[in-house]
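Notes go down as I look things up.

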Amino acid sequence: MDHFIHDFVHTLSLSEKAYFKKFASFHHGNMDKNYLKLYKLLMEQREFAEAELTPSLEKIGLAKHYSSEQNYLYRQLMTSLINFHFENTTYRKLTKQILAIDLLMEKGFRKKANKVLRKAKKLATDLEEFSILLKLTQLEEEILFREGILNFTKKLQELKRERQRIMVIMENYSDLRLLREQVRELQYTVYYTHEFEQYQDLLNTPIVQDAANALSVKALSHLYYIQMSIKNIKGDANESLKAGYHTLELIEQHPALFSSWKRAVTLSNIIYDTVVLNDRILFDKYMVQLKNQTGVDKYYLMYVEYFRKLKFGIVNHQRDLLLETLGPANDFILNQHHLEEAQRINLLIAICSGWMMLGEYSNAFELLNLLEQVNTKNLKLSFRRMARLIIYYELAWNNLLDSEVQSTYKILKKHGVYEKREQVLLAFFRGVVKKPLKRNQAREQLCEKLTVIEANPDLEIFYPDFDYLLWAKGEELKNE
């Protein structure tokens with residue numbers, strides 16, 4: 001039995017539920033309809049449980065018709081939601097205006113249609129809704145054609161030039177949007193900073209060198225994001241922070257163009273730069289702004305808060321911040337299913353790493369197992385394999401450690417993440433398995449080798465997940 005419709009109805013806000021009730025009453029009169037009975041049953045069930053739902057469906061004669069009734073309920077809910085939300089975004093308002101223009105033209109009120117169109121074009125221009133502008137330009141041509149006015153050809157030429165100008169702006173936006181995603185994907189696929197050498201053409205793309213290359217405000221927001229990401233990749237957190245400030249200023253100057261979510265993401269990026277810079281004052285300042293952000297999914301805000309706090313504690317050895325955050329973050333991830341997969345993976349890794357940094361390896365093991373269940377794309381493969389080796393070592397699970405050493409080498413080699421750091425760590429664990437009585441000597445040698453690696457800028461870890469050298473030294477985290 002498909003549980004989509006159950007999940008869908010439980011996303012409705014109180015105001016959406018109230019509107020749907022009025023909508024159903026107004027459009028259908030009789031509130032004893034089958035789809036409303038199904039709606040009531042689903043709303044009463046907090047967590048979807050087919051075994052509990054089926055008897056209730058059979059009792060009211062809907063068990064055999066569940067599929068068709070849920071489809072009908074879905075269509076009615078969507079119609080209700082569309083009506084309810086038709087005015088709450090500029091894009092939807094403009095879409096409604098297009099429908100109004102089309103209907104006015106159909107009924108012969110071209111003068112009124114043209115008046116509505118002019119207002120819609122100004123709003124679409126102000127809000128940089130260029131795809132809507134193209135549609136409005138097409139409607140303007142149709143109005144002119146039906147009116148049969150003189151100088152029709154001249155008017156068409158003006159509209160053609162307008163369309164070409166809009167297309168250039170849209171192409172510029174698309175180019176920067178694509179480049180933004182390419183740089184963003186790079187941040188998730190590359191592990192060591194020296195690996196970025198092969199992406200120099202991407203990182204030095206001319207279009208992002210000058211803000212004047214962005215032909216619209218929204219395109220400029222992408223350009224700033226790209227600048228922030230590239231500076232971050234190159235290890236220049238101060239310049240990345242400046243680009244973040246530019247983005248935040250742009251959003252605050254043009255509030256109608258950007259959603260609350262866009263501001264929240266920008267604050268999250270700024271907070272990350274304060275992590276790299278180890279600036280607790282700035283970190284706390286922008287964390288307060290993030291937590292006070294309105295109009296954004298609360299689970300996303302909680303994710304950012306926990307993830308950034310854990311990263312600050314891990315990267316900058318802030319034991320107090322880890323102790324304060326790990327418990328709530330652990331509870332949150334175990335009971336949270338609203339996050340995107342990448343967000344769940346990021347937070348699971350941070351929590352696992354945080355527990356390890358505090359020497360709580362049993363807690364780390366629980367999170368690592370959960371990570372393996374949700375991570376389907378081999379993200380952070382090196383950390384996951386090394387973390388398992390460290391946990392087995394610390395918990396003295398020697399048989400598991402032996403088999404893990406053998407499989408880790410093959411897997412890391414296969415996926416091309418067998419760098420110097422992984423090599424010396426794996427050599428250490430291999431030696432411990434073969435000569436357990438010499439583990440102290442082996443650990444001293446590991447510290448020496450990791451110290452050399454940490455001093456090599458070519459082997460600097462991009463977005464460090466764990467401090468292997470600190471662990472090798474057997475040191476507890478100390479408050480600064």
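Predicted model: local features only at pLDDT ≥ 70, side-chain atom pairs only at ≥ 80, totals over all residues.

Is tyrosine 393 buried or exposed? I looked it up: Tyr393 is buried, because its relative accessible area is 7%, and the cut-off for buried is under 20%.

Next I counted ring pairs. The total came to 24 aromatic pairs. I picked out phenylalanine 365 and tryptophan 397, whose ring centres are 5.0 Å apart. Their planes meet at 85°, so I wrote this pair down as edge-to-face, since anything over 60 degrees gets that label.

Then I checked where these two sit. Phenylalanine 365 is in helix H18, while tryptophan 397 is in the loop between helix H19 and helix H20. They are 32 residues apart, so the pair links distant parts of the chain. Tryptophan 397 has 32% relative accessibility, so I put it down as partly exposed.

Back to tyrosine 393. Its ring pairs with that of phenylalanine 429, with centres 5.9 Å apart and planes at 70°, so this pair is edge-to-face. Tyrosine 393 lies in helix H19 and phenylalanine 429 in helix H21, so the pair ties together parts 36 residues apart in sequence. Phenylalanine 429 is at 0% relative accessibility, so it goes in my buried column.

I also found a cluster: ring pairs link Phe20, Tyr35, Tyr39 and Tyr72.

Last, I looked for charges over rings. The charged end of arginine 280 sits over the ring of phenylalanine 312, at 5.8 Å from its centre. Arginine 443 lies over the face of tryptophan 471, 4.5 Å from the ring centre.

Methods
Residues numbered from 1 in each chain as written. Heavy atoms only, no water. Phe/Tyr/Trp six-rings, centres within 6.5 Å; stacked < 30°, edge-to-face > 60°. Helix = DSSP H or I, 4+ residues; strand = E, 2+ residues; numbered from the N terminus. Buried < 20%, exposed > 50% of the residue type's maximum accessible area, 1.4 Å probe, protein only. Lys NZ or Arg CZ within 6 Å of the ring centre and 35° of its normal.
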